[in-house]
Amino acid sequence: MKKSNLTSNDIAKYLGVSQSMVSRAFNPKASISDSKRAYILDGAAKLGYKPNALARSLISNRSGLIAIALDSSANPMYDLQARILASEIQAKGGHAILCPISNGDLDSAIQRAFEYQVDGVIIATSRLTSNVINQCEQYGVCLSFINRYIDGFKANCIGLDNNYAGIQAADYFFKHGCSSWAFIGSEAGSMTCEERWKSFSHRALELGIEAPIRLSASFDLESGMLAARQLIDSGNQVDAIFCANDIIGIGVLEVLKQHKVTGIRIIGVDDIPMGAWPSYQLSTIKPPTDLICQAAVEDLFDRIRGNDEHTGQYILYKGTVVERAS
């Protein structure tokens, strides 16, 4: 018998076990003893058997495919999220499909995902349109959001507590004696940015600090550099800058170094590896990215299994301040 023609029934007969036990052995989440799983996997490997995911999807009416839709911008945070999400999806027996969002076109990214008959989509972007929601409802595709809340929709959002992050940044500056603050970050439609700004500026007033200056910047390096140049050209004397994310903060640091500007404290959000480089040493608010991604995947698989009792929730995780030289 050719190896390519082997079925789970053939393996079961050869090993003297039931076909259902063979199936469970190849399902990481199925209930089966470690010794029995090892026995079946070892026997199947010797015969050259590999489970047929396509055939399994036809029987179960589930593909096991999960799309990850996230921005394709040069922000290392998205790469980190994608790796963790893919690992968590595989640990639950699923398969991840990466759908990068080019030029802000989330609709096209989601449509490509639908072509693969995905069971669910994790949306990790600040961009979202009503068309995406309608498409997912039409095709019966389950959703889970990261750092984006949609009121009244059958999905949950898991993310960083952005309001608390704004408070953390303000308290950090106040503790270090800073008295003239700025905020950089104003990406259109970004809920995360707005929440961080509002809580930061509100906390400043509570602490008796004059209302912070706000400068616009998208979540990328070039925008951070441009905003820093605008701040320098404006003549505004600030001693603290809260950046909506780390990549903006790195752009700000680059420009301040170019202009030999010192005496300004800077803090970002995300704790990307680049921020810890000796040339930057960016202070930041570190989100529990592992926990956020794990919770998003668990939530989506619960929904796929039909457990949609709790929907429309915003499940928040608090970040921690990581103080470095900036």
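**A helix pair and a few residues in a predicted model**

Helix α8 passes helix α9 in a right-handed crossing. This comes from a predicted model, and the crossing is a handy place to start looking around. The two helices cover residues 162-175 for α8 and residues 191-206 for α9, and their axes come within 7 Å of each other. The crossing angle is roughly 40°. Angles under 35 degrees would count as roughly parallel, so α8 and α9 are classed as oblique to each other. On the α8 side, the residues that meet the partner helix are Asn162, Asn163, Gly166, Ile167, Ala169, Ala170, Asp171 and Phe173. Facing them from α9 are Thr192, Glu195, Arg196, Ser199, Phe200 and Arg203. Sorted by class, this contact holds 5 nonpolar, 5 polar and 4 charged residues.

Stepping back to the whole chain, there are 12 helices and 12 strands. The chain has 326 residues, of which 49% count as buried. Among contacts with a separation of 6 or more, 69% are between residues 24 or more positions apart.

The Asn147 side chain reaches the backbone nitrogen of Leu160, at 2.9 Å. Setting aside residues up to four places away in sequence, Asn147 touches Cys157, Ile158, Gly159, Leu160, Asn162, Met191, Thr192 and Tyr314. Two of these names, Asn162 and Thr192, also turn up in the contact of α8 with α9.

Elsewhere, two helix residues show how positions separated in sequence can end up in space. Phe301 is part of helix α12, which covers residues 289-304. Its relative accessible area is 12%, so Phe301 counts as buried. Phe301 and Asp119 are separated by 182 residues in sequence, while their C-alpha atoms are 9.1 Å apart. Beyond its neighbours within four places in sequence, Phe301 is in contact with Ile66, Ile89, Lys92 and Gly94. Leu47, in turn, belongs to helix α3 (residues 34-47). For Leu47 the relative accessible area is 23%, so this residue is partly exposed. Leu47 and Ile11 lie 36 residues apart in sequence, with 8.1 Å from C-alpha to C-alpha.

Finally, there is the matter of backbone angles. Most residues other than glycine have a negative phi. Lys260 is found in the loop between α11 (246-258) and β9 (265-269), and a relative accessible area of 73% makes Lys260 exposed. Asp270 is not a glycine either, yet has a positive phi of about 130°. The loop that holds Asp270 lies between β9 and β10 (283-286). Here the relative accessible area is 9%, so Asp270 is buried.

Notes
Residues are numbered from 1 along each chain as its sequence is written. This is a predicted model: local features need pLDDT of at least 70, side-chain atom pairs count only at pLDDT 80 or more; totals for chains, interfaces and linings use all residues. Side-chain values use heavy atoms; hydrogens and water are left out. A polar contact is a pair of N or O atoms within 3.5 Å; within protein, one must be able to donate a hydrogen and the other to accept it, and residues adjacent in sequence count only if both atoms are side-chain atoms. Contact means heavy atoms within 4.5 Å. Axes are lines fitted to C-alpha atoms, for helices over the stretch in contact, and angles run from 0 to 180 degrees between N-to-C directions. Helices (H or I, at least four residues) and strands (E, at least two) are DSSP runs, numbered from the N terminus. Angles under 35 degrees count as roughly parallel, over 145 as roughly antiparallel, 65 to 115 as roughly perpendicular and the rest as oblique. A crossing is left-handed if the near helix is turned anticlockwise from the far one by less than a right angle, and right-handed if clockwise. Ala, Val, Leu, Ile, Met, Phe, Trp, Tyr, Cys and Pro count as nonpolar, Asp, Glu, Lys and Arg as charged, and the others, Gly among them, as polar. Buried means under 20% relative accessible area, exposed over 50%, partly exposed in between (1.4 Å probe, protein chains only).
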